[in-house]
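Subject: Structure handover

Hello,

Here is the structure for your files. My notes on what was found in it come after the files.

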Amino acid sequence: MLGRINSSIVRKFSQHHSPLHEKLSKLVPKKQEQLKRIKTTLGEKEIGKITVGAAVGGMRGMKAMLYDTSILDAQHGITYNGGHSIPDLCAKAPKAVEGGEPLPEAIFWLLLTGDFPTPQELKEFQNELRQKGTLPKETNDLIKSLPTNTHPMTQLSMAILSLQRNSKFAEAYRRGVSKAEYWKYYLDDSIDLVAKLPHIAARIYRHTYFNDKYIESDHKLDWAGNYAHMLGYERQEVKEVIRGYLSIHADHEGGNVSAHTSHLVGSALSDTYLSYSAAINGLAGPLHGLANQEVLRWLMGVREKLGDNPTDEALEKYTWDTLNSGKVIPGYGHGVLRNTDPRYTHQAAFAKKYIKNDPLVNLTAQTLKIIPPILLKLGKVANPWPNVDAHSGVLLYHYGFTQFDYYTVVFGVSRALGCCAALVWSRALGLPIERPGSLTLDAIEARYK
Ligand code: CMX
């Protein structure tokens, strides 16, 4: 099929000539003007105060950066660019199946522009992603060369880095391109990375678990449907799970570890590949994205010890045993949210609609009853409610996608949509290199003597 994508389309999607470039070219001056207005009229206003507690406590609650693609509310969860909450997004986004899950490539468009693409824009953008998806030989060779016990997230980070030598931004910077043009090259690199990520991620999966038996891309499919296909899942429901998963994990404001890492590294004018590879390393931490694999591991531990239908009392004891052994309960708690994560609610609704009598899905519902009161009893947990990771892996597992060490890679494919959109905007707005200050313990005490 790729061979049939004719040269006029190839020309059309060459540097700076994609539909997204056209759309953003109109938006960028408006946002630049808005930032200028904010700087001149509001530059001296206080957003909040920085306490010693916040400085030594992981900067919790400090609003200290500009990140324009989404905003997080402690009670209501995430709102994507254009004012779309998770339920609103799921109702209004373009879909592959009527009444089904959003198309994540449309979410990328939304995060960048604040609008869903029109059917024509979507079609053109999907073509562009198809055309740019093919991986260079060295990326394929690199993945194939890695020991299969290399964690899939490590493979993902390395594979993204292997694309860096073709960065349009890095090349343009060497040529001395004007600062006003940076965003266009970041957009080129970002579209390229987004196009290639499902191919990279599917290759890592087939390399790690299926002896390098790769599955050819199907260019008739949408971006996420093709990812499911290349992973080896043809059921429509699995494609829908993947579409939904990739849509709702895409962005979660700028302060979380992956988004902030990508933003920080990008602020040094490191290109999209360098920035997003770094973000993946943060996402691979068990307190962040790796929690979805840890949830599965925890639930498997419950099943192994207590069987498929544990009593509430037995599950309570298992939860206390986990806590008393000095571990966290994965999938519960959040740095910002103080309510059940709407992304969890969305996935629970999907499970209710499509899945009947699955022991793990039932167990997940049971944990919702048991775990929050226990976390509340601990007296220190700020949010006892489930986050997105409490449900995502369970859906994949139900459909036979059981290699849970891989689950965070799916998260990594999705989070690129938000991080890349934000990188483009950071360059379009000319945001400076990030350089907050720090204090030593002695300096803090000396300051308040
Ligand atoms: N189980 C046990 N203890 C928990 C807990 C949980 N699920 N959530 C928080 N706590 C503990 C913290 O470890 C901390 O204990 P110490 O004071 O002894 O260090 C205390 O409660 C206060 O923490 P907090 O203010 O409620 O939460 P933080 O903002 O510090 O941390 C998070 C947030 C997500 C790291 C934490 O809730 C956690 O470890 N959850 C489990 C891992 C998880 O699900 N992570 C995924 C988050 C979503 C994502 O990024 O993908």
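Asp-308 is partly exposed, with a relative accessible area of 36%; by the cut-offs used here, buried is under 20%, exposed is over 50% and partly exposed is in between (1.4 Å probe, protein chains only). The side chain of Asp-308 forms a salt bridge with Arg-303, at 2.8 Å from N to O. Arg-303 is also partly exposed, at 25%. A salt bridge here is a side-chain nitrogen of Lys or Arg within 4 Å of a carboxyl oxygen of Asp or Glu.

Before the rest, please note that this is a predicted model, in which local features need pLDDT of at least 70 and side-chain atom pairs count only at pLDDT 80 or more, while totals for chains, interfaces and linings use all residues. Residues are numbered from 1 along each chain as its sequence is written, and side-chain values use heavy atoms, with hydrogens and water left out.

Salt bridges

The whole structure has 20 salt bridges. One of them joins Asp-115 and Lys-23 (3.4 Å, N to O). Asp-115 sits in the loop between helix H5 (104-113) and helix H6 (119-132), and Lys-23 in helix H2 (residues 19-42), so this pair ties together parts that are 92 residues apart in sequence. Helices (H or I, at least four residues) and strands (E, at least two) are DSSP runs, numbered from the N terminus. Asp-115 has a relative accessible area of 38% and Lys-23 one of 21%; Asp-115 is partly exposed, and so is Lys-23. Glu-181 and Lys-184 form another bridge, at 3.4 Å from N to O, and Glu-181 is partly exposed at 26%. Asp-222, Glu-240 and Arg-243 are linked in a network of salt bridges.

Which residues of helix H9 (residues 168-175) are buried? They are Phe-169, Ala-170 and Ala-172. Seen down the axis of H9, these fall within an arc of 165°, so they line one face of the helix; the arc is that of the directions from the helix axis to the C-beta atoms. They pack against helix H10 (182-209), where contact means heavy atoms within 4.5 Å. At the N-terminal end, Ser-167 caps H9, with a side-chain oxygen 3.2 Å from the backbone nitrogen of Phe-169. Such a polar contact is a pair of N or O atoms within 3.5 Å; within protein, one must be able to donate a hydrogen and the other to accept it, and residues adjacent in sequence count only if both atoms are side-chain atoms. Gly-176 follows H9 and has a positive phi, near 85°.

In helix H7 (residues 137-145), the buried residues are Thr-139, Asn-140 and Ile-143. They cover an arc of only 100° around the axis, which puts them on the same side of H7. Lys-137 and Ser-145 are exposed on the face turned away from that buried side. The buried residues of H7 pack against helix H8 (152-162) and H10.

Most residues other than glycine have a negative phi. Met-59 has a positive phi near 60°. Met-59 lies in the loop between H3 and strand S1 (70-73) and is partly exposed, at 45%. Asn-211 has a positive phi of about 50°. Asn-211 is in the loop between H10 and helix H11 (223-231) and is exposed, at 64%.

Regards
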